[in-house]
Amino acid sequence: MSVRSEPFVGAARPGRHIATLASWLDRQSVFSWLMMAPPLLFLAALVGYPFCYGILLSLQDRPVAHAGTFVGLKNFATNLHDPLFWRVALNTFVYTALATLLKMVGGLALALAMNQQFPLKNLVRALMLLPFIVPTVLSTVAWMWILDPAFSVLNWLLVLVGVPKPGPSWLGNPILAMISIIVINTWRGLPFYGITLLAGLQTVPPELYEAATIDGASGWQRFRYVTLPLLQPIILIVTLFSVIFTFADFQLVYVLTHGGPQNATQLFATYAFDIAMGAGQLGLGASVALAMLPALALLIVALTIYLRKG
Amino acid sequence: MPAYEKETGVKVNYELTSVGSIPTRVAALAETSSGADITMNITLMPFLFDEKYLDVTDISEEIGQKQGGWYPAGKEAVFVDGKWKAVPFSNIGQLMNWRTDWFAEVGFKKFPETWEELYEAGKKLKAKDHPFGFELGHGFGDNHGWIYPLLWSYGGHEVEADGRTVVIDADETAKAIDFARKFFKDTMLDDVLGWTDVSNNKAWMAEQISCTNNAESILFVAKRDFPEIGKVTDQALNPAGPKGRFHLMQAISHSIFNFSPAKDEARKFLVWVMDQKQLGGWYEVAVSYYQPLLHGYDNAPMWQVEPRNIPYRDSLANAHVHGWPAPPNRQLAESVAKYVVVDMFAKACTGSSTRDVIKNAEAQLKEIYRSV
């Protein structure tokens, strides 16, 4: 008896291929890479490439619309000798530290308040998000009017309670200008902290509070020994994001003060933009922008290690 | 555009960009070498993008010959390494805007001729709750618009005509700073230190200030939206200092990109636009907001529409680009972008010593000009 195997081979081949492909796709390592590929490509194109190009630019004397010349670390050395660069660095650290601290404390208070039962709770929670939702440029223009000496509602109130006319120069005085941008950044970022921490608060099992109450814990002790430890990972994550956003803030300062008065509110992002676009020094501007990297990278690494340990 | 398209059959795409976005937009075009054939320039752009612009010396000289010749300031604003890298279109002058009614109350029927006389008027006006408001913050026009002319009028300069020797540390600079300090303290609102370019316009319409330095737009808007303020608004040349009277060139010009696939068409279009037939109409609809840089328009009918704008024409005789007498270059653009001169004056106004602010500015300028 002879057996003809060819037709069987021919018919079985596609099915076997499909089965092989399916089993290959079923492998966890393959499937996970397939899932990760689109975002990785997206990140490589929109973050990785500009980042690498930024590093390349920072190593060149590269006027806009002119060919670049490789200068090594000269741009970074130039920054180190530039007193304005150090002023900008100090401004950025003060702005980030104070605004983040205020957002953290205020956001936690806001979350605790929003976690209580009160009428129209859902509406109030939704309204709380408004500063975060409104485009920054738009809300900054509103703040511009609030702080304007001629039309300031703040100064109008202050004059009513006896402060001499025309009231403080919110954007003309270097210290008040810095305080103003910190307050506005806090106002804008508070809902992000508030809502995220509120979500965290709602995951705390009520039994823990009941047990603590039975053990005689006061309100403060319940917060200190139950709420805070359980919220800690979320606080760290929110802080991480907030520091990154605040450190690289651009729109608020660009619209409100453009870094003035006398560079009192100039931050890394606005200064880098002025040098790269205003002065057309792309290499030097890139080096200023990259100066933000070490501080942010250290922070991210430290927080990641801390979270992993936790 | 429709007229040109009808006349030649060439389709023209016209893209509008806000003034503040032009440098960024043109930087993107120049970096990618694509996207447009012709661009409008503001202030120092011909010096930043010169390598991407065609030499338009022939067009510019021909236009000049046909229409009465160029003001020297027009050439100064576009002339890079011996070539016209743009065809000048206009200046948007920065001059003195003043309240005739309030000045009259303190005895000034005419605008003061010198900075010292203006200071005397300002002291009296501030005492009557009508302070001055001259921008000392980080805008892009209204601060440089009076600071450079003030510095020049006292004989001070950032850099020599050679374009590399920093000369800011001079007695003339110190005198200008000393004047600015008392001018700020005795005549102005404190808030001017934080002003950007919109601030003085708002303060004017709110009747908060009696004198400022701005483009013609302040009178235009006052007449349109606040007619009572418009009636008592007048405009004048910048005051003179010990070394003369000066104004700042805030030039508008047009360039052709050297990567344009339609260079010939672009040149023809630019010649057509700058022809008196089109150009005159363009200037007229803007009611002298754009001050022509061609002498052929010195007596154009548009100057009679609002005689209070005539000082903007007259200011062209002694107008210069930022950084004069040094030829503009990218180092100057960096100095302007870093507000070196504006902040030198602003710091003095907030209490720093003249010596310190000059030394600080000198150190910054030497660092900027080190590479020349």
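## Two domains in chain B

Nine residues of domain 1 of chain B make contact with 10 residues of domain 2 of chain B. On the domain 1 side of that contact, five of the residues are nonpolar, three are polar and one is charged. This is a predicted model, so keep that in mind for everything below.

As for where the domains run, domain 1 of chain B is made of two pieces, 2-92 and 249-313, and domain 2 is made of 96-248 plus 338-369. Their centres, taken over C-alpha atoms, sit 29 Å apart.

## Overall build of chain B

Chain B holds 19 helices and 11 strands. Its radius of gyration is 21 Å, close to the 21 Å that the globule rule gives for 372 residues, so chain B is as compact as a globular protein of that length. Along the principal axes, the C-alpha atoms of chain B fill a box of roughly 65 × 50 × 30 Å.

Buried residues make up 52% of the 372 in chain B. If you count the contacts in chain B with a separation of 6 or more, 75% of them join residues 24 or more positions apart.

## Overall build of chain A

Now for chain A, with its 15 helices and two strands. Here the radius of gyration is 27 Å, well over the 19 Å that the globule rule gives for 310 residues, so chain A is more spread out than a compact globule. The box for the C-alpha atoms of chain A is roughly 115 × 70 × 35 Å along the principal axes.

In chain A, 33% of the 310 residues count as buried. Among its contacts with a separation of 6 or more, 67% are between residues 24 or more positions apart.

## Domains and confidence in chain A

Four residues from domain 1 of chain A and seven residues from domain 2 of chain A take part in the contact between them. The domain 1 side of it has two nonpolar residues, two polar ones and no charged ones.

What does the confidence look like? Chain A has an average pLDDT of 88, and 95% of its residues score at least 70. Residues 1-12 of chain A are another matter: pLDDT stays under 50 there, and the model gives this stretch zero contacts beyond four places in sequence.

## Where the chains meet

## The nonpolar cores

The largest nonpolar core has 149 residues. The members that touch the most others are Phe268(A), Ala272(A) and Val288(A), together with Leu136(B), Ala180(B), Val341(B) and Phe345(B). Helix α18 (residues 340-349) of chain B supplies the largest share of this core, eight residues.

Take Ala272(A): leaving out residues up to four places away in sequence, Ala272(A) touches Gly285(A), Val288(A) and Ala289(A).

## Asn155(A), a buried polar residue

Asn155(A) sits in helix α8 (residues 153-160) of chain A. Is Asn155(A) buried or exposed? Asn155(A) has 21 other C-beta atoms within 10 Å, so it counts as buried.

Setting aside neighbours within four places in sequence, Asn155(A) is in contact with Pro149(A), Pro166(A), Gly167(A) and Pro168(A). Pro166(A) is 11 residues away from Asn155(A) in sequence, and their C-alpha atoms are 6.9 Å apart.

Two cis peptide bonds are worth a look. One runs from Gly260(A) to Pro261(A), with omega near -5°, and Pro261(A) is in the loop between α12 (251-256) and α13 of chain A. The other joins Trp324(B) to Pro325(B), with omega near 10°. Pro325(B) is in the loop between β11 (319-320) and α17 (330-337) of chain B.

Ala65(A) has a phi of about 65° and lies in the loop between β1 (60-61) and β2 (69-70) of chain A. Ala65(A) is buried, with 20 other C-beta atoms within 10 Å. Ser33(B) has phi near 50°, in the loop between α2 (22-32) and β1 (38-42) of chain B. Ser33(B) has 12 C-beta neighbours inside 10 Å, so it counts as exposed.

Definitions and conventions. Residues numbered from 1 in each chain as written. Chains lettered and ligands numbered in written order. Predicted model: local features only at pLDDT ≥ 70, side-chain atom pairs only at ≥ 80, totals over all residues. Nonpolar A, V, L, I, M, F, W, Y, C, P; charged D, E, K, R; others polar. pLDDT = per-residue confidence, 0-100. Core = buried A, V, L, I, M, F, W, Y, C linked by C-beta atoms within 7 Å. Helix = DSSP H or I, 4+ residues; strand = E, 2+ residues; numbered from the N terminus. Rg over C-alpha atoms; globule rule 2.2 N^0.38 Å. Domains from an automatic or database assignment.
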